[in-house]
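Thank you all for coming.

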Amino acid sequence: MMVRNQSKLRRILTVDFPVALILLFTLSPYLWMLLTSLTQESKLFTEGPSIIGATLENYIRLFATVGFGANLLDSFIVAVGTVIVGLALSVPAAYAFSRFRFKGRRLLMLQFLVINMFPLVLLILPLFILMKNLGLVDTYAALIIANSTVAIPFSVWMMTSYIDGIPRSLDEAAMTDGCTRFGALFRVVLPLCTPGIIATGVYIFITAWNEYLYALTLGGRSVKPITVAIQTLIGEYQVEWGLLTAGGIVGAMPATLLFLVIQKRLIAGMTAGAVKG
Amino acid sequence: MTVTTAPPVPLARRVLPLVMLSPAVLVTLAIVFLPMVQALWMSLHDYVLFRPKNFDWVGLKNFISAWNDPVFWTSLRHTVIWIAITVPAQMLLGLATALLLNQNFPWRGLARALVIIPWALPSVVIALMWVWIYDSNYGVLNDLLLRANLIKTSIPWLADPDTALYAIILTLTWQGFPFFAVMILAGLQSIPKSYYEAASIDGASQFRQFWHITLPGLSGVLMTATLLRVIWVANSIDVIFVMTGGGPGYATYTLPLYAFIKARTGLDYGYGSALAVSFTLLLLGFVILYLRRAGRNIA
């Protein structure tokens, strides 16, 4: 519409070129890290990172000497656990928010919203004391519980907006045809919002995978997610940037890939609440 | 269980939503609200973790110590600078990005997909790659600036107290502007195209169209996104913690980071909680503003 009358050259100058600049700013730190990780450690300080003579040496060394495998597994268990807890609690709650009007609904919805607004420090100190008293420090349970404090409120809101998008007339029709309310929930609403459930699950997975401060505070020797492992690497191998950047690439890979796959739906869900503002 | 649609509302219909909500509500009460009350409670006590038996009521002593603590004021000043630069920078960059990505060009889909990548990266990895970029000996930033003759000698960006905070602010801007871009892009799509058509028939320039149609149309989204960002940027301490740990000296301390370090390395949970509570109270104004906006949208 705005572009219709512009010549192609003008478009390239005013749109394509600035977009390319912004993408350069966005992607170059990541690409620089990738390039560094593919460069031989010895060449890094003499010639700098370079694509010529790219090698997977740093990655091999990462898994052989640092043992990243166990950390990846820890992150995976914590993230999947958080997804299960988050979805199991938030889907019924979201259904109730979407399909019923009752006293205190507004207040309860705001209660879920306010949780994510509170500073993490306010929560992390008492949670550590709580886990210590329960003997849960350095267990998967501690990290899953801590991550759920972020995951539950967010997914309640995200799922509510997805279920809102499914016409009420559909579950009413099912109930008129003799379905109970639970029948309508399981046979009509849940199948229809499967994409929403997947998107919410992926979002929870990514945030739990990327989470660092809870992992640092509540983890330990036996449960050490990848983010903490990377930070430990920074302390131990200060100048071995080939190894460090390889660790960064591996640690970021699962979340980045998942994100690219599910992106469209995720963004729709993330912005659904805010656009109405 | 039978459900009828005829009034009066059957008991099942009134109880069912509460039953479905109770697991989520009870769990959040147990793992969010109770701990918060406990943090408030701790802040009123002398509680140092290497003397766990001592839990003495001291009233507001921790808060008075904070008031007299120069590091508290330094951290508060940094927090204000931190928000006041990061959020507007993210917003302007996000707005420009969104306006560009809303134009028609052949690789728009790809550009939209790529621009949000920083958001999906773990903050530890973000910190790691920027520490490498800022490295004083081999970092690419110094290398580029030296080659362009903009500086004479390498600058230790993160080790110099004068530049460290701003270096981290650039990192945070990079991390957070895609969020603005995505939110604003969604907002742009909700502005009816007919407004622009009418305006261009009346001969309004592109700038006037932007000023009189786009900006007013976006004001709601901009306000909501800014409030959210202020709260999140203020809270975010993981990138600073990995990049500098608050140093050099106290040069990159923000208030929540100070609270975290006080408890983590000083094991002083009483004072740490008091700092966290003070910070929360300072932030409360923004939280309330945001909640009021969000509350209006609940149908």
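Is the crossing of α12(A) and α6(B) left-handed or right-handed? Before I answer, please keep in mind that what you see is a predicted model.

The crossing of these two helices, α12(A) and α6(B), is left-handed. On the α12(A) side the contact is made by Thr227(A), Ile230(A), Gln231(A) and Ile234(A), while α6(B) contributes Val124(B), Val125(B) and Leu128(B). Sorted by class, the residues of this contact are five nonpolar and two polar, with no charged residue.

Let me now step back to the contact between the chains as a whole, which takes 80 residues from chain A and 83 residues from chain B. On the side of chain A that touches chain B, the largest share, 15 residues, comes from helix α13 of chain A, which spans residues 241–275. That side of chain A has 58 nonpolar, 17 polar and five charged residues.

Finally, I would like to turn to one residue of chain B, Trp67(B), which has its place in helix α2, residues 61–67. Trp67(B) is exposed, because 11 other C-beta atoms lie within 10 Å, and a residue counts as exposed at 12 or fewer. Between Trp67(B) and Leu275(B) there is a separation of 208 residues in sequence, yet from C-alpha to C-alpha they are 9.9 Å apart in space.

Notes:
Residues numbered from 1 in each chain as written. Chains lettered and ligands numbered in written order. Predicted model: local features only at pLDDT ≥ 70, side-chain atom pairs only at ≥ 80, totals over all residues. Contact = placed C-beta atoms within 7 Å. Helix = DSSP H or I, 4+ residues; strand = E, 2+ residues; numbered from the N terminus. Nonpolar A, V, L, I, M, F, W, Y, C, P; charged D, E, K, R; others polar. Buried ≥ 20, exposed ≤ 12 C-beta atoms within 10 Å, placed from the backbone. Left-handed = near helix turned anticlockwise from the far one by under 90°.
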